[in-house]
Amino acid sequence: MNRTIQDLGFLVLRFVADLGRLGLFTLGVLRALVTPPVRIRLFVDELFKLGVLSLIIIGVSGLAVGMVLSLQGYNTLVRFGAEQSLGAVVGLALIRELGPVLTALLATGRAGSATAAEIGTMVATEQLDGLRMMSVDPMDLVVTPKALAMVAVMPLLAAIFICSGLFGGYLVGVKLMGVDGGAYMSSLENAVDFRDDVAVSLLKALVFGVLVGLIATYRGFSSAPTSAGVSSATTSTVVVASVSILIVDYFITALWGV
Amino acid sequence: MHRSPVRDLLVGLFVLIGLGAVAYLSISVGGVTYNGPRGFHVHAGFDEIGGLKARAPVVISGVKIGQVSSIGLDDRYRARVELDLDPSVKIPTDTTASIVTAGLLGDRYISLQLGGDDQFLKPGEEISFTESAVILERMIGKLVHNTDLPKEEQRKPE
């Protein structure tokens with residue numbers, strides 16, 4: 001009995017200590033962000049890796065999600081003779097929830113895991129210690145450009161995801177199921193509000209970018225310097241980031257959503 | 001880190017595409033529904049607005065000329081609806097504003113039936129003739145009530 005309570009206490013303490021270390025790590029990233037040198041070229045390099053190379057998966061997934069939403073929505077709406085509002089159904093679902101959340105989950109799998117593995121391998125092969133010996137701060141050279149690029153890339157990827165989803169929905173709804181194209185677009189434009197829908201969507205994507213960027217770099221940075229450490233850092237990045245995205249999404253919707 | 005023209009070009013393109021998508025979502029999809037000229041503000045009081053919402057269209061003969069900018073209560077607890085209209089459309093003072101429904105269960109919008117007066121409304125004035133929204137449930141209630149009444153009256157003499 002005593003032992004079980006001890007275990008529980010240890011688990012809670014470990015969790016709180018982990019949160020505290022993540023907080024200190026965040027402060028370190030912020031400090032590296034505002035103090036020179038500013039690593040513009042490294043940041044652009046990360047934009048390429050995290051953003052440009054994720055374009056295909058984001059575009060194709062968005063298209064597929066929009067198409068299936070449109071198909072499902074059409075089959076439900078046509079029973080009530082309300083297939084004119086297909087655009088509103090596809091648009092609101094994509095903009096409010098699916099766009100930012102699925103983009104963040106895809107980016108976690110595609111870019112977050114790679115970031116954690118890269119930094120973890122640098123830890124395992126003592127490259128970060130090498131940098132410290134040359135008195136180069138690895139927070140500055142390695143961590144901050146990656147975390148910042150993730151934050152910058154996420155809203156852009158989410159917007160691209162949503163646009164290709166809307167296009168996919170249009171293709172299926174209008175070209176395949178025969179909904180009037182003007183009705184699709186006008187119900188979409190009537191239903192979607194900038195402040196309530198688009199701004200909240202972009203805010204979500206930005207917050208998810210901060211979450212994924214910090215979790216991926218932190219897990220890589222604090223991984224054990226072994227191959228098992230790198231693999232567990234990658235796994236825990238995907239798990240922790242995905243779960244926190246879904247939980248934080250609920251709270252943003254509850255606070256700002258309709 | 002050296003410059004790499006191809007990579008930099010791709011990153012630049014990516015940022016442009018992303019910003020373009022953000023702009024499209026914000027302006028075209030999420031922006032104001034009515035894109036024509038606006039700036040002529042009048043208001044109207046209604047006893048019942050039903051499901052009328054801000055940004056609902058205002059039409060004359062089915063042609064959109066503006067939108068509802070805000071809805072509130074006036075000092076007599078009637079609904080005060082602010083309209084934002086195209087300034088080039090002259091509206092006579094004896095115009096009637098009515099809240100109508102697109103289809104049986106569709107969205108509410110405001111339709112203006114122009115009057116014949118040669119005086120025109122000035123900005124900030126009130127459209128005094130209004131017709132409230134028709135609440136379907138209330139109508140059904142009245143219908144049921146009316147058909148029930150005669151039966152009870154018939155029973156009484158028995």
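Me: Two strands pair if DSSP finds at least two bridges between them. What makes β3(B) and β4(B) a pair?

Reply: Seven bridges link β3(B) and β4(B), and the rule asks for at least two, so they pair. They run in the antiparallel sense, with B:Gln67 opposite B:Asp84 in β4(B). The two strands form a hairpin with five residues between them, and B:Tyr77 in the turn has a positive phi of about 60 degrees. This is a predicted model, in which local features need pLDDT of at least 70 and side-chain atom pairs count only at pLDDT 80 or more, while totals for chains, interfaces and linings use all residues. Residues are numbered from 1 along each chain as its sequence is written, and chains are lettered from A and ligands numbered from 1 in the order in which they are written.

Me: How do you know that β2(B) and β3(B) pair?

Reply: Strand β2 (residues 57-60) and strand β3 (residues 63-73) of chain B are joined by four bridges and run antiparallel. B:Val58 stands opposite B:Gly66 in β3(B). Here too a hairpin forms, with two residues between β2(B) and β3(B), and B:Ser61 in its turn has a positive phi of about 50 degrees.

Me: What makes β7 and β8 of chain B edge strands?

Reply: Eight strands of chain B form an open sheet of mixed pairing, in the order β7-β1-β4-β3-β2-β6-β5-β8. β7 (126-127) and β8 (129-131) each pair on one side only. Further in, β1 (residues 40-46) and β4 (residues 79-85) of chain B pair antiparallel over seven bridges, and B:Val42 has B:Leu83 as its bridge partner in β4(B).

Me: Where do the domain bounds of chain B lie?

Reply: The assignment gives domain 1 (1-31) and domain 2 (40-136); such bounds come from an automatic or database domain assignment. The centres of these two domains of chain B, taken over C-alpha atoms, are 42 Å apart.

Me: How many helices and strands does chain A have?

Reply: Chain A has nine helices and zero strands; a helix is a DSSP run of H or I of at least four residues, a strand a run of E of at least two, numbered from the N terminus. The C-alpha trace of chain A spans about 70 × 55 × 30 Å along its principal axes.

Me: Are α1(A) and α6(A) roughly parallel or roughly perpendicular, and why?

Reply: Their axes come within 9 Å and cross at roughly 100 degrees. Angles under 35 degrees count as roughly parallel, over 145 as roughly antiparallel, 65 to 115 as roughly perpendicular and the rest as oblique. α1(A) and α6(A) are therefore roughly perpendicular. The residues in contact (C-beta atoms, placed from the backbone, within 7 Å) include A:Val29 and A:Leu33 of α1(A) and A:Val143 and A:Ala147 of α6(A).

Me: What makes α4(A) a kinked helix?

Reply: The bend at a residue is the angle between axes fitted to the seven residues ending there and the seven starting there. In α4(A) there is a kink of about 50 degrees, centred on A:Leu94. After α4(A) comes A:Glu126, with a positive phi near 60 degrees.

Me: Which elements of chain A give two or more residues to the side that touches chain B?

Reply: The contact takes 27 residues from chain A and 19 residues from chain B. The elements of chain A are α2 (40-51), α4 (86-124), α6 (138-176), α7 (181-191) and α8 (194-221).

Technical notes:
Two residues are in contact if their C-beta atoms, placed from the backbone, lie within 7 Å. Axes are lines fitted to C-alpha atoms, for helices over the stretch in contact, and angles run from 0 to 180 degrees between N-to-C directions.
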